[in-house]
Amino acid sequence: MHRRLPFLVCHHNYVISAPFARQLSLPSFPPNPPALMYLCSNGQLREALVEMTVQGLAMKFKGYYTLLNECVTRRAFREGQRVHAHMIKTCYLPPVHLQTRLIVFYNNCDCLCDARRVLDEMPQRNVVSWTAMISAYSKRGYAAEATDLFLQMLRSEEEPNEFTFATILTSCTGSWGFDMGRQIHSLIIKTKYESHIFVGSSLLDMYAKAGRMLEAIRVFDSLPERDVVSCTAIISGYAQQGLDEEALELFRRLQREGMTSNYVTYASVLTALSGLAALDLGRQVHNHVLRREVPSFVVLQNSLIDMYSKCGKLSYSRRVFDTMPERTVISWNAMLVGYSKHGMGNEVVKLFKLMKEENKIKPDSVTFLAVLSGCSHGGMEDRGLEFFYEMGKGKNGIEPELEHYGCVVDLLGRSGRVKEAFEFIKKMPSEPTAAIWGSLLGACRVHSNVKIGEFVGFQLLDIEPENAGNYVILSNLFASAGRWEDVRTVRELMTEKAVIKEPGRSWIELDQVLHTFHASDRSHPRREEVSAKVREISAKIKEAGYSPEMGCVLYDVDDEQKEKILLGHSEKMALAFGIIATPEGAPVRVIKNLRICVDCHNFAKLVSKIYGREVSLRDKNRFHHMVGGICSCGDYW
């Protein structure tokens with residue numbers, strides 16, 4: 001525990017008054033003996049402090065400044081305290097610059113209270129003093145303290161500079177912070193700092209994190225010059241908002257304009273490519289990183305693990321993971337989540353066991369989410385329950401949170417134990433979230449439990465009436481039971497509340513170009529050829545036993561019309577295009593933004609068998625690897 005020093009006091013706790021303080025005017029600095037500077041430059045801080053004591057009242061600005069700089073560099077808290085104490089005991093009144101250095105020193109040693117006391121007791125402050133303290137609050141996530149101090153600075157009539165604005169904008173997060181940020185933006189325009197590169201980068205980062213990409217791109221386009229920080233901020237903003245194609249297009253544009261990229265830029269681009277599952281482009285970026293010998297920072301390697309796993313290349317992910325010189329908990333989590341999404345429950349358990357055996361990185365709550373999810377997707381419900389109950393006993397130092405309870409509901413629901421999942425929810429220590437009810441509703445749909453599903457569905461419509469997915473799953477459930485009147489009721493309710501369903505879309509990457517299809521799509525340049533190929537494939541796989549799953553159609557129409565609707569599903573069109581546009585025998589990789597329906601799953605399995613193709617299909621929940629008519633999910637998803 002650090003002992004605090006009395007501030008700006010002399011012996012016997014008398015406050016220093018101006019006539020008795022050792023005043024020093026800058027032009028009259030006498031040169032300090034060179035011994036002190038020599039000792040600091042040679043890393044002999046302890047000896048330098050002895051020299052300070054020997055000099056006593058002869059210590060001047062240059063000597064104190066040299067010592068404080070050494071203490072800042074080393075984060076030498078006790079030694080820095082001794083320097084500060086010497087000023088107090090010798091009644092030396094440091095100028096503003098030296099007091100600001102004290103603020104920096106205490107901040108660097110994570111003693112923000114001491115730093116703030118120095119600031120509060122300064123008879124005079126400059127913009128650097130204010131900014132140093134605001135920056136310390138911002139870096140440590142004390143947004144309220146940072147903004148309060150910024151407002152105090154404005155009231156003191158000290159004008160912020162570009163560094164002050166760039167710093168305070170990083171604290172403008174959340175709804176309240178964003179409103180504050182917009183007001184600060186107005187002040188920036190008024191004081192003519194909007195074109196400064198540091199300020200512009202912080203502004204566009206603030207807008208991007210708030211999801212206001214139009215404002216972010218407007219700030220970006222108005223910058224007279226751009227650096228790697230501003231370019232990375234805007235790319236990262238698009239990627240974080242799920243606007244992956246926009247992020248990729250902007251990256252390409254900036255590359256053409258000569259942008260220099262760093263490891264953060266590449267990590268942001270890889271995030272976008274992960275969302276698109278654009279493997280060829282991901283490989284290209286990885287090669288670019290290797291050719292340019294970009295430093296292998298952990299954040300970049302974590303992004304590579306995530307990108308390869310979301311593109312269906314887990315062996316590449318594991319290669320990156322195994323060759324990392326150091327790993328963080330995020331590295332382990334990324335690899336665990338990768339195995340989980342591919343339904344490789346055994347690999348999840350083996351990797352988690354390795355993590356615990358190495359005992360270098362402690363698992364966090366996300367680690368257990370990945371493990372529970374892996375057990376769920378891998379059909380290992382009993383093993384998953386063991387992990388959950390171990391958490392409940394505090395064996396791993398992580399208490400179960402609501403998300404972990406949600407994983408158990410998903411785990412039980414996927415395995416068909418719908419009633420058990422329902423009872424589990426009733427016994428939860430806190431109210432279930434919409435996500436937990438939604439997981440159970442999905443299980444009711446898959447396992448045709450209309451009774452529980454109906455109850456859960458209407459619970460969800462009350463909790464989040466604007467979520468289109470709940471209406472769709474509930475109407476699917478009624479449709480599968482032939483309750484068309486109830487389907488119409490749900491549809492009418494959906495129309496009445498003006499709820500819009502997210503349209504399903506699927507895409508495939510060929511020669512670094514993304515080809516996107518929507519249900520019954522007529523926009524693709526090869527649409528006639530694709531539609532004909534879907535019909536041809538359907539006829540061919542029917543000979544092998546394919547029968548359309550009519551329950552996947554929501555509408556109360558005849559079977560002929562239902563089959564026509566099923567043939568128009570986006571994943572079938574993307575798959576047919578892949579068969580047309582790739583060489584015979586080549587793997588086909590399709591990505592779907594929503595959960596794949598049972599009919600399209602059966603369709604894709606038979607395509608892999610009849611056409612001798614390896615089909616990789618990634619939906620909202622997981623990967624499906626199909627070879628010879630068999631899916632890696634074991635028809636369990």
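Q: How many aromatic pairs does a search of the whole structure find?
A: This is a predicted model, in which local features need pLDDT of at least 70, side-chain atom pairs count only at pLDDT 80 or more, and totals for chains, interfaces and linings use all residues. Residues are numbered from 1 along each chain as its sequence is written, and side-chain values use heavy atoms, with hydrogens and water left out. Rings of Phe, Tyr and Trp (its six-membered ring) pair if their centres lie within 6.5 Å, and planes under 30 degrees apart count as stacked, over 60 as edge-to-face and the rest as tilted. For the whole structure, the search finds 25 aromatic pairs.

Q: Is the aromatic pair of F61 and Y65 stacked or edge-to-face?
A: A pair of aromatic rings is described by the distance of the centres and the angle of the planes. For F61 and Y65 the centres are 5.6 Å apart and the planes are at 15°, so that planes under 30 degrees apart make this pair stacked.

Q: Which kind of pair do the rings of Y308 and Y316 form?
A: The ring centres of Y308 and Y316 lie 5.2 Å apart. Their planes are at 80°, so the pair is edge-to-face.

Q: Is H84 buried or exposed?
A: Buried means under 20% relative accessible area, exposed over 50%, and partly exposed in between, with a 1.4 Å probe and protein chains only. Because H84 has a relative accessible area of 5%, this residue is buried.
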